[in-house]
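Subject: Handing over a structure

Dear colleague,

I am passing this structure on to you, and I would be glad if you looked through it before reading the notes below. My remarks follow directly after it.

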Amino acid sequence: MANNPFSNQTWSTNQLMFLVCAGLIPGAIAQYYFFGWGILINLVLCCSYAISAEALILKVRNRPILFTLKDNSALLTGLLLGLALPPLLPWWMSFIGVYFAIIFAKHLYGGLGYNPFNPAMIGYVVLLISFPLAMTNWLPAQELLILKPSLIQSIELTFFGISNEISNVTDIKILADGFTMATPLDHIRTSLSQGYMLSEIQSQSNENLSFIINSNSWIWVNVAYLLGGLYLLFLKIIRWHIPVSIMTSMIITSYFLSIIDNQKYLSASDHLFYGATMLGVFFIATDPVSASTTQKGRLLFGASIGFTLIIIRTFGSYPDAFAFSVILLNIASPTIDHYFRPKTYGSAIPIKVLDNNDE
Amino acid sequence: MKSLHNKFTSNAIFKFHGGVHPTENKLISNSQTSVKFESDNFFRVLVNQSSVKKFELPIEIIVTKGQKVIQGEALTSGDSSSDYFYVPVHSPCDGTVLDIECFSGDHISGLAETTIVIEAQKNHEKKSRIKSTPSVERANINWKNESAEYLVKKIRNAGIVGLGGATFPTHIKQYIPLKRDKQNPATLIINAMECEPYITCDDRLIREQAKSIIEGALIVSRIVNCDKIIFVIEDNKPEAIMSLQKVIKNESKISILIAPTKYPSGGEKQLIQIVTGKELTKHQLPKDLNILVQNVATLFAVYQAILFNRNLTERLVTITGDLVPDPRNYWIPFGTPISWIIKHLNISEKDLDIVIIGGPLMGQKICDFSIPTSKKVNCLIFNQTLVQNEIKDCIRCGECEIVCPIKLLPQQLYWFSKSEQWKPMQQLDLDACIECGACDYVCPSHIPLVDYFRFAKSEVKHLLNKESASEIAKQRFENREKRLIRIEQERKSKQEKITLDRQKASEDNSKDPEGKKAAILAALNRFKSKSQGES
């Protein structure tokens, strides 16, 4: 059969996926710089799990293995999960997450292009619900640690949960000043739940050097992802609609909340640069398969993600909520696509449609 | 320098949605002057070379096997007695009709079509080689004094169809003159866009025949009675723009609109959108906006037909691609087999698997090289065998929607066509698709979307036909049922009447025994007389 057009010079799917993977590099480097070897171990583990899972399920489904692996989508899922999971997570937990993502969230629906949800986020949520403690146990920035695990120690901790000099992962979290430290969002929500005012937390934090260092490291990680995202936008691998609408709606929602009570609700800039915001905005919500496809639809899709994100972060019981809000809107995207169609050229006159009884 | 730059940059105000910018590859063939193609000694002329196909009305062939024909002689009937939609085809050479047979035409499926095989006289070939461009003695005709009907008839008899590639009969477009309307001034838009990559035949034609094209445009504007003539041309053809500007200096009626280079700006709907900013609704034709769109090659053919009495037997064809030693534009007579072009232009056949007819985006791949050229073949691309892109699954990236010039959702149409859901496809306005191939071009998974849409369109058409047929059958069945009921009722009422009459009669008899006796007597008498007659 004829295959027009004969001159195709745009990105292919394989290249697209690969370039998105490449866009993650600045963020990955920043995470490695601030949080140590754990990130790299996660990445290596998750990528090999993802590729093996994809190969396995393709074999079971009787599909061409190498041909499909070449599209780099499994690699991308592995990378995203590797970056989203906390460092020094036990190896079998990431195994469960990745295998669930690839096999259940992706291939049981028919493979790349057919999955209604972002596989990486499904894997993440499965782990978050099943192992909430381990999954919220994010390490503080490396320079605050007394015990900085070396590569060998990190590997030992990941695989055996124990290493010489470090008896378990929570040990590491005891800082030089004897405090423990979670992610900034986690810290703030815990303090808020203890009845502190936001200004109190901030003034307290200002004296607390470790909080500043820790939150700065998160800001830098987000800036790195932002750079990677801008590079994707520049190459037109992703379009502006989803990132811009998410950020705009985050800013608007948090602005309204802070008008209500600026002592209880975080400001927009905090929301944008803490947690996994930039990773989610540019690399997760823009996943074409599970996002809305029409341009108008994408604006609504992004805006709703931004809104639910802030709402869950503020009122929900999880410190970060990107995975949840993305999955919620993934469910809605077919409906959004149905109602947000562009107006076709010359569509003033209604179209004659086949009768209902015809099949 | 700046003024020169301004001279050739876009001055169009309106634009259309989407579009793509493929590599143009026009330089391969547009720097060489066009030459006459030295043709083979036999031609295979397709009987129907216009886009109008009516199977119920076969085209009348007016030559017979063995008949001698001269160059430009009509082979099929196209005068007022035959079907209004048909345009005749003409003999490309002096020669003899060898055969009339079915042969695979230039349709994508290689569908067999009726062709007339003509063998050329040997001496004629030498004569035609001398001329570089077609010219016959100018007829002594002042078209300004002729009636529009006469000119349209002449255009039809010359076999002119839209030479931009659509091959819609030109006379049908010109038959109804445009209205005198203050709001929408009657406009003749001349399509010189040539937005497809590789093709340069219109570009070359304008450069070489600008004066004739303008005269052709004036003839057409006389026919349809229009106020304005607008040449619309992409900004990638500065030489052509210059030669047009030179000629139209003193014509106040004519203007040039330079549009930015973007595919598919040469589509009729997109062209009208660029010029007027208006969209044609579903059932509208350009003439509803008081517009007539004509291609430059068509105008040149009109010019030749009116002023030189020349029937349309050849056209400028771009022969290009990396396998062609001398890529340029050739005047190729309709009916020349592609295999002869390959042979004659020394195109290395061993690297050649497919030839592309038309541009790379909307064109067709041809594997059978024996098929002849026709009025719609404006470009032949001979490229080395292309690497087939691997077709992957759709990742719903939505790039196809961004480039679609008519704002469809190709990606959703694709899903529906895969699952054969024709109804939602219609709701998504499948019929509006112009099959430009922009979505194919940007698809990262290399899905042949337009192929899916063509298939879906034909399926929908088939279903609609079936539906209307079943509607008719249903109507017929209902009518029959009604008729049967009516007949039944009539029969019943008749019977009732008879029984009533009988009852009445018997009642009368019982009331009147004399009458009964008389009746019996009469019957007996009748019987008697009958048996007597028999014996």
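In chain A, Tyr114(A) sits in the loop that lies between helix H6 (91–106) and helix H7 (119–130), where helices (H or I, at least four residues) and strands (E, at least two) are DSSP runs numbered from the N terminus. Please bear in mind that this is a predicted model, in which local features need pLDDT of at least 70 and side-chain atom pairs count only at pLDDT 80 or more, while totals for chains, interfaces and linings use all residues. Residues are numbered from 1 along each chain as its sequence is written, and chains are lettered from A and ligands numbered from 1 in the order in which they are written.

Tyr114(A) counts as partly exposed because it has 16 C-beta neighbours inside 10 Å; a residue is buried if 20 or more other C-beta atoms, placed from the backbone, lie within 10 Å of its own, exposed if 12 or fewer, and partly exposed in between. Its C-alpha atom is separated by 14 Å from that of Asp71(A), a residue 43 positions apart from Tyr114(A) along the chain.

Helix H16 (residues 277–284) of chain A is mostly covered, with eight of its eight residues buried; among them are Met278(A), Leu279(A), Phe282(A) and Phe283(A).

Turning to chain B, there are 16 helices and 14 strands. The radius of gyration of chain B, taken over C-alpha atoms, is 33 Å, well over the 24 Å that the globule rule (2.2 Å times the number of residues to the power 0.38) gives for 535 residues, so chain B is more spread out than a compact globule. Along its principal axes, the C-alpha trace of chain B spans about 130 × 60 × 60 Å, and 45% of the 535 residues count as buried.

Chain B also holds an open sheet of four strands in the order S2-S5-S4-S3, with antiparallel pairing, where two strands pair if DSSP finds at least two bridges between them. Its edge strands, each pairing on one side only, are strand S2 (42–46) and strand S3 (68–69). Strand S4 (residues 95–104) and strand S5 (residues 112–120) of chain B pair in the antiparallel sense over nine bridges, and Ser104(B) stands opposite Ala112(B) in S5(B).

With kind regards
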